[in-house]
Amino acid sequence: MARSAQNQQRQGQGQVQGQGQGQNKPTKSQRRDALERKRDERAVRSAYRKMRKDESYLAEDQNFLSFTTQLQAIGLQLRDIPGDGNCLFRALGDQLEGHGRNHMAYRLEVVQYMKDHKNDFEPFMEDDTPFDRHLSNLSKPGTYAGNDSIVAFARNHGVNVIIHQLNLPVWK
């Protein structure tokens, strides 16, 4: 008899727990509301992306159409990268990964590569900035990078970087 009371007690706990878990499951209308909310959020994000694209500085550039046509002729497309000092690393990331979110990692890789290969880069420093200061500045987000960074990136990743300019030959 004591065992049957314990079994009933356990079964009762199971029922209570089972009922409690069922209450956490969203209802059909809650799931539908969640789906509609997600759809609305996607629509807002899509509209925001379209607005940003329409407001792009490229759309106002008088050379935009010519450059777009030049690139399309060789199967490429013009991509809008914000000119915020991280633009080179964003563009390089865009070409490797399809997005520029990892620009800081690429920046730090380039700085480290240049440190490790100082003899290859130091003789080509412009201005009167010491090489170590140049690398220190380059390691900071928002610092514009130049040809030395392109070379370091290409060597570090074992890729060819090709630079296209309007009505000029490509640079490799």
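Student: At what angle do helix α5 and helix α6 pack, and how far apart are their axes?

Tutor: Keep in mind that this is a predicted model. Helix α5 (residues 87–97) packs against helix α6 (residues 103–116) at an angle of about 105°, and their axes are 8 Å apart.

Student: What makes α5 roughly perpendicular to α6?

Tutor: Angles from 65 to 115 degrees get that name. The α5/α6 angle is about 105°, so α5 counts as roughly perpendicular to α6.

Student: Which residues meet there?

Tutor: From α5 you have F89, R90, G93, L96 and E97, and they meet H103, Y106, R107 and V110 of α6. Sorted by class, the residues of this α5 and α6 contact are four nonpolar, two polar and three charged.

Student: Which residues of α9 are buried, and what covers them?

Tutor: The buried ones are D148, S149, I150, A152, F153 and A154. Their cover includes α5, α6, α7 (118–121) and α8 (131–138). After α9 comes G158, with a positive phi near 65°.

Student: How do you know whether N86 is buried or exposed?

Tutor: Look at its relative accessible area, which is 7%. Buried means under 20%, so N86 is buried. N86 is in the loop between α4 (64–72) and α5. Leaving aside neighbours within four places in sequence, N86 is in contact with H103, R107, P141 and G142.

Student: And N167, buried or exposed, and why?

Tutor: N167 has 65% relative accessibility. Exposed starts at over 50%, so N167 counts as exposed. You'll find N167 in the segment after α9 (147–157).

Student: What is the phi of N167, and what makes it worth a mention?

Tutor: Phi of N167 is near 55°, a positive value in a residue other than glycine. Most residues other than glycine have a negative phi.

Terms used
Residues are numbered from 1 along each chain as its sequence is written. This is a predicted model: local features need pLDDT of at least 70, side-chain atom pairs count only at pLDDT 80 or more; totals for chains, interfaces and linings use all residues. Side-chain values use heavy atoms; hydrogens and water are left out. Helices (H or I, at least four residues) and strands (E, at least two) are DSSP runs, numbered from the N terminus. Buried means under 20% relative accessible area, exposed over 50%, partly exposed in between (1.4 Å probe, protein chains only). Axes are lines fitted to C-alpha atoms, for helices over the stretch in contact, and angles run from 0 to 180 degrees between N-to-C directions. Angles under 35 degrees count as roughly parallel, over 145 as roughly antiparallel, 65 to 115 as roughly perpendicular and the rest as oblique. Contact means heavy atoms within 4.5 Å. Ala, Val, Leu, Ile, Met, Phe, Trp, Tyr, Cys and Pro count as nonpolar, Asp, Glu, Lys and Arg as charged, and the others, Gly among them, as polar.
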